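Student: I am new to this one. Could you show me the structure and then take my questions as they come?

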Amino acid sequence: LRRQRQMCIRDSHTPFALATDAAKVIADQTSISRHDIALTLGSGWAKAADLIGETIAEIPAGDVPGFASSGVPGHTGTIRSIKMANGKHALVIGARTHFYEDKGVRAVVHSVRTAAACGAKVMVLTNGAGGIKDHWTPGTPVLISDHLNLTASSPLEGATFIDLTDLYSSRLRDIARTIDPTLDEGVYVQFRGPHYETPAEVQMAKTMGGHIVGMSTALEAIAAREAGMEVLGLSLITNLAAGISPEPLSHKEVIEAGQMAEPVISALLAKIVAAL
Ligand code: 8IG
């Protein structure tokens, strides 16, 4: 049975086999056989890649099996191998497939599975998001402490029962707070998007215990945990969620808030990553 299961896992039709193929290409093209830590840089966080360490190699995402180059402004489309000052190797994934692109949940979590296949033990997931706590002004970075998955989907296939207690590792959050003790935290709510929420939906999320609204991360975090990685989640609050502020949301303003905050939060992330 064990043998059968192994064969099944290695079958070329499974998402894990595709991730293994992707990891081989990354190992080949970077000449780094094992990466220690992986980061997905969402909107507002891209500049961190330049601050984490020395870039060894940069691969267009489209050259790696299972990845497609992203069309969303504010999302770059490369995979970078970075050597950090402490000797660790970081894999920076600048290409994210969103659930709302309708490419299927396998495509959404392929980057995380590839990171695991590259050897990463820690997965850092970052995003730009809306804030429900009204003291979070645009440009505030916050730690993700837990999530509400409102996508009605899961990256897990079949009867795969994975414990999600402490999904957003309290150990890693503690390390992040040693770098910035003022870092606040909250529960991330993943909506399908791509529309932003109605004010009523934001109130629903708030009533359910949510503090941050976004369109990524939760499904990726589940896949990371399935793959045995420890997860650190960080949101850049680029806007107050709909109805929390009287102002309507605009994608342009969201991007601008991200650009304003980028140098500060990127430096913060680089320091956190060095301490993980
Ligand atoms: I940036 O207010 C960003 N992404 N769902 N809601 C959702 N996603 C977002 C938001 C927001 N802001």
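Student: Where is T40 found?
Tutor: T40 is found in strand β1, which covers residues 37-40. Helices (H or I, at least four residues) and strands (E, at least two) are DSSP runs, numbered from the N terminus. Please note that this is a predicted model, in which local features need pLDDT of at least 70, side-chain atom pairs count only at pLDDT 80 or more, and totals for chains, interfaces and linings use all residues. Residues are numbered from 1 along each chain as its sequence is written, and side-chain values use heavy atoms, with hydrogens and water left out.

Student: Is T40 buried or exposed?
Tutor: T40 counts as buried because its relative accessibility is 1%. Buried means under 20% relative accessible area, exposed over 50%, and partly exposed in between (1.4 Å probe, protein chains only).

Student: Which residues does T40 touch?
Tutor: Not counting residues up to four places away in sequence, T40 touches I93, R96, S111, M123, V124, L125, T126 and E220. Contact means heavy atoms within 4.5 Å.

Student: And E220, where does that lie?
Tutor: E220 lies in helix α7, residues 218-226. E220 is buried, since its relative accessible area is 1%. Leaving aside neighbours within four places in sequence, the contacts of E220 include T40, R96 and L125.

Student: Changing topic: which residues are around the ligand?
Tutor: They are G128, A129, G130, Y196, E197, V213, G214, M215, T238, N239, L249 and V254. A residue is near a molecule if one of its heavy atoms lies within 4 Å of it.

Student: How do the residues of that shell divide?
Tutor: The shell around the ligand has six nonpolar residues, five polar and one charged. Here Ala, Val, Leu, Ile, Met, Phe, Trp, Tyr, Cys and Pro count as nonpolar, Asp, Glu, Lys and Arg as charged, and the others, Gly among them, as polar.

Student: What is 2.4 Å from a nitrogen atom of the ligand?
Tutor: That is an N or O atom in the side chain of E197. For N239, a side-chain N or O atom is 2.7 Å from a nitrogen atom of the ligand. A polar backbone atom of G130 is 3.4 Å from a ligand nitrogen atom.

Student: How much of the ligand does the protein cover?
Tutor: The protein covers 94% of the 320 Å² of accessible area that the ligand has on its own. Accessible areas come from the Shrake-Rupley method with a 1.4 Å probe; for residues, only the protein chains shown count as cover.

Student: Which elements give two or more residues to the shell?
Tutor: Those are β5 (122-131), β8 (212-214) and β9 (230-240). β5 gives the most, with three residues.

Student: What about K121, buried or exposed?
Tutor: K121 counts as exposed because its relative accessibility is 52%. K121 lies in the loop between α4 (105-117) and β5. Apart from neighbours within four places in sequence, K121 is in contact with R34, D36, M229 and E230. K121 and V231 are 110 residues apart in sequence, and their C-alpha atoms are 8.8 Å apart in space.

Student: Finally, how many helices and strands are there?
Tutor: The protein chain has eight helices and nine strands. Buried residues make up 50% of its 276 residues. The C-alpha trace spans about 55 × 40 × 35 Å along its principal axes.

Definitions and conventions
A polar contact is a pair of N or O atoms within 3.5 Å; within protein, one must be able to donate a hydrogen and the other to accept it, and residues adjacent in sequence count only if both atoms are side-chain atoms.
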